[in-house]
Amino acid sequence: MLNNPMILSPILAILVAQILKVLFILSTERRWVIKRLTETGGMPSSHSATMAALCTSVGLNHGVGSAYFAIALVFGVIVVYDTAGVRRAAGKHAEILNELVKQFSHLFNDEERPRALKTLLGHTYPQILVGSGIGIAMGFLVRYIQE
């Protein structure tokens with residue numbers, strides 16, 4: 001199965017993107033945050049990396065005029081649109097709700113206080129751009145290695 005470039009390149013892209021998230025935090029904040037390997041959101045976008053790697057591999061192996069490429073591209077655009085729009089907005093809403101819970105914490109006893117909502121859900125356009133670049137590179141790298 002890993003001989004299939006349309007499976008291998010997205011897997012490599014998501015791994016590289018998730019590892020880079022940890023390294024990016026290390027370089028900017030000087031701390032290890034290993035749990036970022038399994039979390040969504042942040043720089044770079046692993047969703048975009050995965051989508052771009054799949055689209056690149058499909059385009060290289062079946063041609064950009066193929067129905068396969070069209071399917072991969074349409075679903076990839078939907079995923080990226082979702083990460084930049086809906087999921088990012090949900091993260092901003094979570095920030096506001098967390099702040100409201102903090103401000104009104106005196107109304108809750110410890111057992112009733114809601115847990116903080118996850119705020120790092122979506123992606124900014126630079127995160128999407130970097131993730132897409134990683135994905136395209138992985139698509140070409142896998143193609144080059146397998147030739």
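Let's start where two helices meet: α1 and α2 cross in a right-handed way. A crossing is called right-handed if the near helix is turned clockwise from the far one by less than a right angle, and left-handed if anticlockwise. The model you are looking at is predicted, so local features need pLDDT of at least 70 and side-chain atom pairs count only at pLDDT 80 or more, while totals for chains, interfaces and linings use all residues. Residues are numbered from 1 along each chain as its sequence is written, and side-chain values use heavy atoms, with hydrogens and water left out.

Back to our pair. Helices α1 and α2 pack at an angle of about 155°, and their axes are 8 Å apart. That angle makes α1 roughly antiparallel to α2. The axes are lines fitted to C-alpha atoms, for helices over the stretch in contact, and the angles run from 0 to 180 degrees between N-to-C directions.

Which residues of α1 and α2 meet? On the α1 side they include Pro-5, Met-6, Ser-9 and Ala-13, and on the α2 side they include Ala-49, Ala-53, Leu-54 and Ser-57. Contact means heavy atoms within 4.5 Å. By class, this contact has ten nonpolar, seven polar and one charged residues. For these classes, Ala, Val, Leu, Ile, Met, Phe, Trp, Tyr, Cys and Pro count as nonpolar, Asp, Glu, Lys and Arg as charged, and the others, Gly among them, as polar.

Now look at Ser-57, which lies in helix α2 (residues 46–62). Is Ser-57 buried or exposed? It counts as buried, because its relative accessibility is 1%; buried means under 20% relative accessible area, exposed over 50%, and partly exposed in between (1.4 Å probe, protein chains only). Beyond its neighbours within four places in sequence, Ser-57 is in contact with Pro-5, Met-6, Ser-9 and Gly-139.

Helix α1 (residues 5–29) and helix α5 (residues 125–146) pack at an angle of about 135°, with 9 Å between their axes. These two helices are therefore oblique to each other, and α1 passes α5 in a right-handed crossing. Their contact has nine nonpolar, four polar and no charged residues.

Two more residues are worth a visit. Leu-73, in helix α3 (residues 67–84), is partly exposed, with a relative accessible area of 37%. Leu-73 and Cys-55 are 18 residues apart in sequence, and their C-alpha atoms are 5.9 Å apart in space. Arg-88 sits in helix α4 (residues 86–103) and, at 31% relative accessibility, counts as partly exposed. Leaving out residues up to four places away in sequence, Arg-88 touches Asp-82, Thr-83, Gly-122, His-123 and Thr-124.

Finally, step back to the whole chain. The protein chain has five helices and zero strands; helices (H or I, at least four residues) and strands (E, at least two) are DSSP runs, numbered from the N terminus. Of its 147 residues, 33% count as buried. The C-alpha trace spans about 65 × 35 × 25 Å along its principal axes.

Technical notes
Parallel < 35°, antiparallel > 145°, perpendicular 65-115°, else oblique.
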